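Please look over the sequence and the three-dimensional view before turning to the points below.

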Amino acid sequence: MQTHHQTLFIDGEWIKPFSSNRIEVISATTEEVIGSVPEGSEADIDRAVAAARRALKESAWATCSPAERGEALNRFADALEKRGAKLAQAVSMQNGMPINTADQLESGYTVALMRYYAALAINMQVEESRASPLGFNTLVRREPIGVVGAIIPWNFPVILSMMKIGPALAAGCTIVLKPSPGTVLDSYIVAEAAEEAKFPPGVINWVPGGRELGAYLVSHPGIDKVAFTGSTAAGRSIAQACGKLLRPVSLELGGKSAAIILEDANLDAVLQGLPSVSLTSNGQACFSCTRILVPSRRYKEIVDAISATVSSYVVGDPLDRATQIGPMGSSIHRDRVEGYIAKGKSEAKLVAGGGRPSDRTRGWFVQPTVFADVSNSSTIAQEEIFGPVLSIIRYHDENEAVRIANDSAYGLGGTVWSVDHERALNLARRVESGTIGINGYMPDLNTPFGGVKASGLGREMGPESVAAYQQLKSIYLLG
Ligand code: NAD
């Protein structure tokens, strides 16, 4: 079934776009057109930003209490929950995410996150009185930072939108989102949910388009803060634009995380964790632990077990519940992943996969692939591949494991595997990354998520994320 949209959701209405240009969405599995939407233009962004500004300053949103904002977010969560199955299916068809993962993260986690932000808003304290050492009181106010411009990538389009909409709206901001052209059909389902939640017009607006439109939104004079998730290269360019404008920006960028398997690790637990830790959504997840650090004393045993497990994964239609690995998100992206696999063959020893699955004549599939004897300085260990390609790297002692883990431009995720909790925790403390898991990995919506080094600036999720959408004002009560 194909889905074709003719309008854009701006200012609380479905309106005709200014341009007749269209974005076609292609299924990662069948390579056929599954839908299309209008391509937004600069004039549509102007209109959306103006609507968001009006909503911020003049609508009921401007005067409603944090608790009322929380109630609106709860209504939004209910409307999203009703559409959970549709959302998961739309994402899966567009970018190849296995449906079980889409159900869990793009649907279930999305609703949980929105309810979490609703609760934060309901319990939010906007003003705090502080006694000054100078003998008077000061009122510290947390005010919404203003109109937010949010740019979303194609890999987890729903949850990454929620990670911006939730804290922005909890703080009282309004928002203009630019989804990625590759995954834009889901944004219409989210917009329908927003319409049902009855936010005042202009509180949330969507304008689909490519990178030029994104750059226009980032530098738009009506935007007060930019929230970006995507590649490190685009993040640098956005940071530059925001730097010139002195515009606050949060950046969630790429990763090349390490799974450190300690000598005493339970290998069965490692193998069970591998799909979610290293290969979530076909390896198209920013936090994937694609460098597997293995102790030399258990090297052969672990390499053999990982390569056998990965070779056994079911590769196929992402809508099939038995599928563990679906296709890459686009044909260009598959070319890129295959380029890295070719490079890997010259840099290391291929022990699993390395080609396309022979039974798949359509769709942008690559076999889940494992390289062993990888040097951490090689291209496949240093660059983000963003596909189902794992590099196994040998280490001799724990200090060397930490050195290798930290010898990366990135610092987003990571895992440590050991039956000795304290030992694993002590090692996790030494890894330079914004997040890390012990014997597994699952971003916690109640704690900050984000990266260090080239993985980004700022944090999403947790109560801390709301601060990125607020500005502080001190009112000195002198008389
Ligand atoms: P991308 O940077 O190519 O595009 C991301 C979004 O930014 C798209 O909407 C695109 O149209 C827009 N864009 C691109 N260049 C822009 C520019 N100069 N100005 C404004 N907008 C611009 O990334 P992608 O291929 O869509 O996504 C994959 C990348 O995202 C990977 O590097 C992945 O690690 C990263 N990512 C990071 C996180 C995180 O939380 N750290 C989460 C998911 C994905």
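How many salt bridges does the count come to by the rule? The count comes to 24 salt bridges, in a model that is predicted.

**Overall form**
- The protein chain contains 16 helices and 23 strands.
- Its radius of gyration is 23 Å, close to the 23 Å given by the globule rule for 479 residues, so the protein chain is as compact as a globular protein of that length.

**Domains**
- The domain assignment divides the protein chain into domain 1 (3-253 + 455-477) and domain 2 (257-444).
- Between the C-alpha centres of domain 1 and domain 2 the distance is 31 Å.

**The interface between the domains**
- The size of an interface is often given as the accessible area lost when the parts come together.
- Domain 1 and domain 2 bury about 2,400 Å² between them, and carbon and sulfur atoms give 56% of this area.
- On the side of domain 1, the residues that lose the most area to domain 2 are T29, W154 and S455, which together account for 22% of what that side buries.
- In terms of contacts, 31 residues of domain 1 meet 30 residues of domain 2.
- Eleven residue pairs are in polar contact between domain 1 and domain 2, with both residues at pLDDT 80 or more.
- Helices α4 (84-95) and α5 (99-122) each supply at least two residues of the side of domain 1 that touches domain 2.
- The most is given by α5, with seven residues.
- By residue type, this side of domain 1 divides into twelve nonpolar, 14 polar and five charged residues.

**Salt bridges**
- Side chains of opposite charge can pair when their charged atoms come close.
- Two salt bridges are found across the interface of domain 1 and domain 2.
- D103 and R321 form a salt bridge in which the closest N and O atoms are 2.8 Å apart.
- Another salt bridge joins D11 to R54, with the closest N and O atoms 2.9 Å apart.
- This pair links distant parts of the chain, as D11 lies in the loop between β2 (8-10) and β3 (13-15), while R54 belongs to helix α1 (residues 42-57), 43 residues apart.

Terms used: Residues are numbered from 1 along each chain as its sequence is written. This is a predicted model: local features need pLDDT of at least 70, side-chain atom pairs count only at pLDDT 80 or more; totals for chains, interfaces and linings use all residues. Side-chain values use heavy atoms; hydrogens and water are left out. Domain bounds come from an automatic or database domain assignment. Contact means heavy atoms within 4.5 Å. Buried area is the accessible area (1.4 Å probe) that two parts lose on being put together, summed over both. A salt bridge is a side-chain nitrogen of Lys or Arg within 4 Å of a carboxyl oxygen of Asp or Glu. A polar contact is a pair of N or O atoms within 3.5 Å; within protein, one must be able to donate a hydrogen and the other to accept it, and residues adjacent in sequence count only if both atoms are side-chain atoms. Helices (H or I, at least four residues) and strands (E, at least two) are DSSP runs, numbered from the N terminus. Ala, Val, Leu, Ile, Met, Phe, Trp, Tyr, Cys and Pro count as nonpolar, Asp, Glu, Lys and Arg as charged, and the others, Gly among them, as polar. The radius of gyration is taken over C-alpha atoms; the globule rule is 2.2 Å times the number of residues to the power 0.38.
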